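Hi,

Here is the structure I said I would pass on to you. Have a look at it first, then read on for what turned up in it.

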Amino acid sequence: MRSGADWLACATPQEVEAFLDGLSDNALMALPWMFEFWALPHQLPPDGAWKTWVIMGGRGAGKTRAGSEWVRAEVEGAAPQDLGRSRRVALVGETVEQVIKVMIEGDSGILACSPPDRRPEWQATRKQLLWPSGAIAQVFSAHDPASLRGPQFDAAWVDELAKWPKAEKAWDQLQFALRLGENPRQVVTTTPQNVAVLKDILKNPSTVVTHAPTDANRAYLAASFLEQVQARYGGTALGAQELQGLLLEDVAGALWTTAALEAGRLDAAPRLQRIVVAVDPPVTGHGKSDECGIVVVGAVTEGPPQNWHAVVLEDASVKGASPDQWARAAIAAMQRHGADRLVAEVNQGGDLVEGVIRQIDPLVPFRAVRASRGKGIRAEPVSALYEQGRVSHLRGLAALEAQMVQMTAQGFLGKGSPDRVDALVWALTDLIVEPSEKHRNPQMRTL
């Protein structure tokens, strides 16, 4: 879905002129304040009945602006003096100073986002905003959870929850205070971190989530900033968290940890003797299908297989793709990397999987693999390679790594299917695990 700003950016000068000429004077004056027109998709509230909306994004992704505009939409009516849906709002940040500097007075804060006739008055001594309609927003610090005892609200905006020092206590007190109106709601704007309170919120059925990387808001960020942070942090675990807004959640008993993956990071691949592309096809091929895992892995194959070292080169996975689309994506990945073989799981599609691939390239070196054991069991020998320091990752694999740190020997503990991890396991099994096993035991049973 494109925003009005996207349309204007792509429109011809004649189309822009015709659009502006068609607006009344009042509409033209109001246009800069119409956030629904300018907003990015992740900045607009999702449809449906929800209690908590989590806007999880990278640094500079527009989270603060979205929070400010949501508060405006809650308290403002049709006219400046009219009440909106909510009358009492809690503004909760790490400290009172942070709430004032970022959520209220910041460049994307409530005051900056409010048109002159609807701008609230900042009453510093009372630590509150007062709108012309009589709606009030009060300021609270997460350092003082007890301050949330007593007041009551019908809306709340919570900023940077993941870095609060007393997050769980402050969050719990806020939930008791959200007791006004028919359906009190709250918005959480945060860069994700692996903390229990955020993970619990995300698991709640009444929570909805929108997500965006820093790059989604590039039109409003300095190009030099994007270039510098991408060059330094792109493709790292810190970059996945701070730039892509991904929650890297290490679960108890995980076969991989974020720290271990980061320790094995490479900036460039060495000379590789073998490269494979592995595919884990989805059961169906439409917009709501699981992802098709497509992972490219190369190996340095000098000496006996027990000494070989692998490098994960690319995660080329695609979502909602038809069989023809994911097959073309896999073939394209082979061509980009000069891969020697395409490996694909055929449990779901059987001979059709190979048939789809050969329709695109009849001569592609292809190997069909069939799983006879569970995902966790298949992944354990691959996890052991990482423990031995025999697998490294290039940058840019955050989505794959986010799945890896939620895979246990008992199975995948994340949402959906670990299609990227499955593809990784098939690639490393073909490249390293099976050659090593065959070297030790020629009678090895295939996974």
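How many aromatic pairs does a search of the whole structure find? There are 3 of them. Before I go through two of these, please keep in mind that this is a predicted model.

**Two aromatic pairs**

Start with Phe140 and Phe153. Their ring centres are 5.6 Å apart and the planes meet at 80°, so this pair is edge-to-face. Phe140 sits in strand β5 (residues 136–141), while Phe153 is in the loop between β5 and β6, so the pair ties together parts that are 13 residues apart in sequence. Phe140 counts as buried because its relative accessibility is 6%; Phe153 is buried too, at 0%.

Then there is Trp256 with Tyr386. Here the ring centres are 5.6 Å apart and the planes are at 85°, so this pair is also edge-to-face. It links distant parts of the chain: Trp256 is in the loop between α11 (237–242) and α12 (258–263), and Tyr386 is in helix α15, 130 residues apart. Both Trp256 and Tyr386 are buried.

One more ring to look at is Trp50: Arg185 lies over its face, 4.3 Å from the ring centre.

**The cores**

You will meet Trp256 and Tyr386 again in the largest nonpolar core, which has 35 residues. Along with Val297, Val312, Leu424 and Leu428, they touch the most other members. Elements giving two or more residues to this core include β10 (291–300), β11 (309–315) and α15 (375–387). The largest share, 10 residues, comes from α17. As background, nonpolar side chains tend to be buried together in soluble globular proteins.

**Salt bridges around α17**

The structure holds 22 salt bridges, and here are a few to find. Asp430 and Arg274 meet in one, at 3.2 Å from N to O. That pair links helix α17 to strand β9, with the two residues 156 residues apart. At 4% relative accessibility Asp430 is buried, whereas Arg274, at 22%, counts as partly exposed.

Next, Arg420 and Asp315 form a salt bridge at 2.5 Å, N to O. Arg420 is in helix α17 and Asp315 in strand β11, 105 residues apart. Both Arg420 and Asp315 are buried.

Lys375 and Asp422 also meet in a salt bridge, at 2.5 Å, N to O. Lys375 is in helix α15 and Asp422 in helix α17, so this pair ties together parts 47 residues apart in sequence. Asp422 is buried, with a relative accessible area of 2%.

Which residues of helix α14 (residues 351–360) are buried? They are Val353, Val356 and Ile357. Seen down the axis of α14, these fall within an arc of 95°, so they line one face of the helix. The face turned away from that buried side carries the exposed residues Asp351, Leu352 and Gln359. Covering the buried residues of α14 are elements including α13 (323–337), β13 (341–345) and β14 (366–369).

**Two positive phi angles**

Most residues other than glycine have a negative phi. Lys127, in the loop between β3 (121–123) and β4 (128–130), has a positive phi of about 55°. Glu160, in the loop between β6 (155–159) and α8 (167–177), has a positive phi of about 50°.

Cheers

Technical notes
Residues are numbered from 1 along each chain as its sequence is written. This is a predicted model: local features need pLDDT of at least 70, side-chain atom pairs count only at pLDDT 80 or more; totals for chains, interfaces and linings use all residues. Side-chain values use heavy atoms; hydrogens and water are left out. A nonpolar core is a set of buried Ala, Val, Leu, Ile, Met, Phe, Trp, Tyr and Cys residues joined through side-chain atoms within 4.5 Å. Buried means under 20% relative accessible area, exposed over 50%, partly exposed in between (1.4 Å probe, protein chains only). Helices (H or I, at least four residues) and strands (E, at least two) are DSSP runs, numbered from the N terminus. Rings of Phe, Tyr and Trp (its six-membered ring) pair if their centres lie within 6.5 Å; planes under 30 degrees apart count as stacked, over 60 as edge-to-face and the rest as tilted. A charge sits over a ring if NZ of Lys or CZ of Arg is within 6 Å of the ring centre and within 35 degrees of the ring normal. The arc is that of the directions from the helix axis to the C-beta atoms. Contact means heavy atoms within 4.5 Å. A salt bridge is a side-chain nitrogen of Lys or Arg within 4 Å of a carboxyl oxygen of Asp or Glu.
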